[in-house]
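Work through the exercises below with the sequence and the model side by side. Try each task before reading its solution.

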Amino acid sequence: MKTTIKKIISNQIFKYLVAGIATTLVFFIFKMLTFSIFQNGVVSEIIAQIISIIFAFVSNKFWVFERTTNPLLQEFIKFVTSRIFVMLLSVVANWYLIDTHPGIIMDTFHLTLDQSVFLLTLFLQVLTIVLNYIFSKFLIFTKKS
């Protein structure tokens, strides 16, 4: 039983999911806090993304993909670049569905604005975790041959 648990905990996908959940929690906390302060989907998205990108890099570099041999700066630049791409997708979705046309989600699902922000954020975070794992595994934290 202990061997099975050790295998699961040391599995890279499991580690990535744990790091992803932690990053998502960091993101959600800062997203909802900054949205309550600024009442702006784009501003709150950018602030929450910046904080969660830094958190995610540290957890991925030193815990999930710990055996990489690439230079730290090179990995950081690739990591940030891929995260900015995904962030831009989220920013555009927030701009369109929260700041410009909030009625699309609100009317479709009979939600308040805050609930719409939460629902959109949840959907975008699932998409983000999947895309970020693909980028991290195959483009960023690679082992040199």
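The model is predicted, so local features need pLDDT of at least 70 and side-chain atom pairs count only at pLDDT 80 or more, while totals for chains, interfaces and linings use all residues. Residues are numbered from 1 along each chain as its sequence is written, and side-chain values use heavy atoms, with hydrogens and water left out.

**Exercise 1.** State how helix 4 and helix 6 are oriented to each other.

Solution. 
1. Locate the helices, which are DSSP runs of H or I with at least four residues, numbered from the N terminus. Helix 4 covers residues 72-100 and helix 6 covers residues 113-140.
2. Take the angle between the axes, which are lines fitted to C-alpha atoms over the stretch in contact, with angles from 0 to 180 degrees between N-to-C directions. The two axes come within 10 Å and cross at roughly 155°.
3. Apply the classes: under 35 degrees is roughly parallel, over 145 roughly antiparallel, 65 to 115 roughly perpendicular, and the rest oblique. Helix 4 and helix 6 are therefore roughly antiparallel.

**Exercise 2.** Decide whether Ser52 is buried or exposed, and list its contacts beyond four places in sequence.

Solution. 
1. Find Ser52 in helix 3, residues 41-64.
2. Compare its accessibility with the cut-offs: buried is under 20% relative accessible area, exposed over 50%, and partly exposed in between, with a 1.4 Å probe and protein chains only. Ser52 has 5% relative accessibility, so it counts as buried.
3. Look for contacts, meaning heavy atoms within 4.5 Å. Leaving out residues up to four places away in sequence, Ser52 touches Thr23, Val26 and Phe27.

**Exercise 3.** Classify the ring pairs Tyr16 with Tyr133 and Phe57 with Phe141.

Solution. 
1. Recall the rule: rings of Phe, Tyr and Trp (its six-membered ring) pair if their centres lie within 6.5 Å; planes under 30 degrees apart are stacked, over 60 edge-to-face, and the rest tilted. The whole structure holds twelve aromatic pairs.
2. For Tyr16 and Tyr133, the centres are 4.7 Å apart and the planes at 65°, so this pair is edge-to-face. Tyr16 belongs to helix 2 and Tyr133 to helix 6, 117 residues apart.
3. Check burial: Tyr16 has a relative accessible area of 5% and is buried. Tyr133, at 18%, also counts as buried.
4. For Phe57 and Phe141, the centres are 6.0 Å apart and the planes at 35°, so this pair is tilted.

Terms used: Helix = DSSP H or I, 4+ residues; strand = E, 2+ residues; numbered from the N terminus.
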